[in-house]
Structures are given as structure tokens and as C-alpha cells.
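User: Hello! I would like to go through a few labels in this model and see what stands behind each of them.

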Amino acid sequence: MTSFRFWEIFRFVLVGGGCFLLEYGLLYALTEYAGLHYLWSAAAAFVVSLLVNYWLCVAVVFRGAGKQDFSQRFLFLGSSVAGLVINQACMWLLVDKAGLYYMVAKVITSAVVMVWNYVLKRKAVTGKM
């Protein structure tokens, strides 16, 4: 692995970690304080975190990404929708079927979605795999 790729992954993990904390905090606040069902809270928190993550990926993680063309934007949007579906399915399976506490389920779900996000977001933002 080149030094450039190492630092890119490092920045991705750093930005992703911050966005995870944002999403995790929003999930808790929306569920516990706003009284939303955990799946609605999870979806709202995911979307907010996704928008912040996209901005930071373009500005900080994938340096030199430049302007994305239509196919890159479409890939980003499609991978984001798929990421939301993965997020919701994992949360439902882990909470409703496996009986985990929703905040524990979110940690596991985030790990699954993180792998999906790195591969497809890199392609969407930079045009490279």
C-alpha cells in the first residue's frame, strides 16, 4: 500500500469516526428525547451523517477529487440509498430479531456500512476503486 493510500484511509477512518459519533448521538437523542421509533431515528441520523460525511470526503479525505460527473453522483446517490437499506435491515435484524439493544446494534451495523461506504464512496468521489 502506498503512503498516499495509507493517509487517505487514515483520513477516511478519522472522518468516518467523527460522523459515526454524530450519527450515534443523533440516534440516541432522537430515540430517547424526541420519542421517535429507533428505525426512524436511525434513518434520520444516517442521512444527516451521510451529508456531513460526503462534504468531508470531498474536502478532506479524497484530496483532488474535483468535480464529480453525473455517473459519479449517481453512484454516490445509489450507494447511499443502498447504505441506508443495509443500515435499516441490519438494525431491524439485530434489534427486533436478535434482541440486541439498539445502541449496540448500531455499532455492529456501522461496521458493516463502513466497508460498503469506503469502497463505493471512493469510486463515486474520485472515479477510482
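User: Are E23 and K106 buried or exposed?

Analyst: Happy to start there! This is a predicted model, and in it both E23 and K106 are buried.

User: What makes the contact of E23 and K106 a salt bridge?

Analyst: The N to O distance between their side chains is 2.5 Å. The cut-off is 4 Å between a Lys or Arg nitrogen and a carboxyl oxygen of Asp or Glu, so the pair qualifies. E23 belongs to helix α1 and K106 to helix α4 (residues 102-126), so this pair ties together parts that are 83 residues apart in sequence.

User: How many salt bridges does that rule give?

Analyst: The count is 2. R5 and E8 also meet in a salt bridge, with 3.5 Å from N to O; that value is within 4 Å, so the label holds here too.

User: Where do R5 and E8 sit relative to each other in helix α1?

Analyst: They are 3 residues apart in helix α1 (residues 3-33), which means a separation of about one helical turn.

User: Good, that is clear. Which residues form an aromatic cluster?

Analyst: F6, W7 and F10 form one. Across the whole structure, the search finds 7 aromatic pairs.

User: What describes a pair of aromatic rings?

Analyst: The distance of the centres and the angle of the planes describe such a pair.

Methods:
Residues numbered from 1 in each chain as written. Predicted model: local features only at pLDDT ≥ 70, side-chain atom pairs only at ≥ 80, totals over all residues. Heavy atoms only, no water. Phe/Tyr/Trp six-rings, centres within 6.5 Å; stacked < 30°, edge-to-face > 60°. Helix = DSSP H or I, 4+ residues; strand = E, 2+ residues; numbered from the N terminus. Buried < 20%, exposed > 50% of the residue type's maximum accessible area, 1.4 Å probe, protein only.
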